[in-house]
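Keep the viewer open as you read.

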Amino acid sequence: MTQHTNTTHTTPSSTSPGSGPSKAAGGRLSGRVAVVTGASSGIGAATARRLAADGAHVAVLGRRRDRLTDLADGIARTSGVRVVPVAVDVADADAVRGAARTVAAELGGVDLVVANAGAMLGAPFSDGAVGEWDRMIDVNLRGLLLTAHAFTGDLLGAAEGGRAADLVLVGSVAGHLLYPDWSVYAATKAAVAHLSRNLRAELGPRGVRVRNVEPGVTVTELGADMRDEAMRANLSAMRARLRPLEAEDIAGAIAYSAAAPAHVNIAEMVVVPVQQG
């Protein structure tokens, strides 16, 4: 199970919105307010940097407070946007609601949410550990649901005001491809894909762009904490067989989709290494 915490912590590490480099102040996401979960490392951290470089103010959410603070400080030194780190376990409903209140107090209404936090733990189904299954369900599905729910009101408000409003759910190609020994992980990502489709039907008519971004083989920390040593070795081999994506590649795709005109939704993005096909 994920370790729950019931507190949030915020350390605004920011400059005034207009005082940074023109790259950020006049970027294609200038004036937008974003939330990125799973921002302690990998795709989340890269996405926060990219959105800030494109002009968005960003709240970075994750469990590792020290990493979030370092990330926020680093972004603030190179941009003119506000960056707010909030330590939170996204599988804890009370903590996520508290984080949303913190973000509102520091940055105001949110119009771009990237629900990226995830866990990737593989094992043959017959040998699977229920604790690892619980963790993936908690983070990949419950955490994503709680994050989306906490900020849907903000997104609807932005859309009603005629502004772009984006809910980006980070899934995986495992949600529709076959990966033996990754069945439970794949099941959580398949849920993300179908949730995205249904939320598009529900929120799209109200002006909110719901998007599923599905990375292929990407080098991140995901999988490093699997208990199954053979699966860790298999993952390393998979990444070595081709030129894998980097976290920044996914971050660039997310930023590109968010910068589309407000009436345009790039609803599904499958982003894979060329050699993966």
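**Cavities and salt bridges**

Searching the whole structure turns up 2 cavities of 30 Å³ or more. A cavity here is a set of points, on a 1 Å grid over the protein atoms alone, where a 1.4 Å probe fits but cannot get out, and lining residues have an atom within 4 Å of a point. Volume is the space filled by probe spheres set on those points, with points joined across faces, edges and corners. Before going further: this is a predicted model, where local features need pLDDT of at least 70 and side-chain atom pairs count only at pLDDT 80 or more, while totals for chains, interfaces and linings use all residues. Numbering runs from 1 along each chain as its sequence is written, and side-chain values use heavy atoms, with hydrogens and water left out.

The largest cavity comes to about 70 Å³. Its lining has 15 residues, and Leu-121, Gly-122, Ala-123, Trp-133 and Val-184 lie nearest the centre. Helix H5 (130–160) and helix H6 (183–203) are the elements that give two or more residues to that lining; helices (H or I, at least four residues) and strands (E, at least two) are DSSP runs, numbered from the N terminus. The second largest cavity holds about 30 Å³. H5 turns up again there, giving the most to the lining with 4 residues.

Now for the charges. There are 14 salt bridges in the structure, each a side-chain nitrogen of Lys or Arg within 4 Å of a carboxyl oxygen of Asp or Glu. One of them joins Asp-54 and Arg-28, at 3.1 Å from N to O. Asp-54 sits in the loop between helix H2 (42–53) and strand E2 (57–62), and Arg-28 in the loop between helix H1 (22–25) and strand E1 (33–36), so this pair ties together parts 26 residues apart in sequence. Are the two partners buried or exposed? Asp-54 counts as buried at 11% relative accessibility, whereas Arg-28, at 43%, is partly exposed. (Buried means under 20% relative accessible area, exposed over 50%, partly exposed in between, with a 1.4 Å probe and protein chains only.)

Arg-32 and Asp-111 make another salt bridge, also listed at 3.1 Å, N to O. Arg-32 is in the loop between H1 and E1, and Asp-111 in the loop between helix H4 (93–107) and strand E4 (112–115), 79 residues apart. Both residues are buried.

Notes. On a 1 Å grid over the protein atoms alone, a cavity is a set of points where a 1.4 Å probe fits but cannot get out, and a pocket is an open set with protein on both sides within 12 Å along at least five of seven lines; lining residues have an atom within 4 Å of a point.
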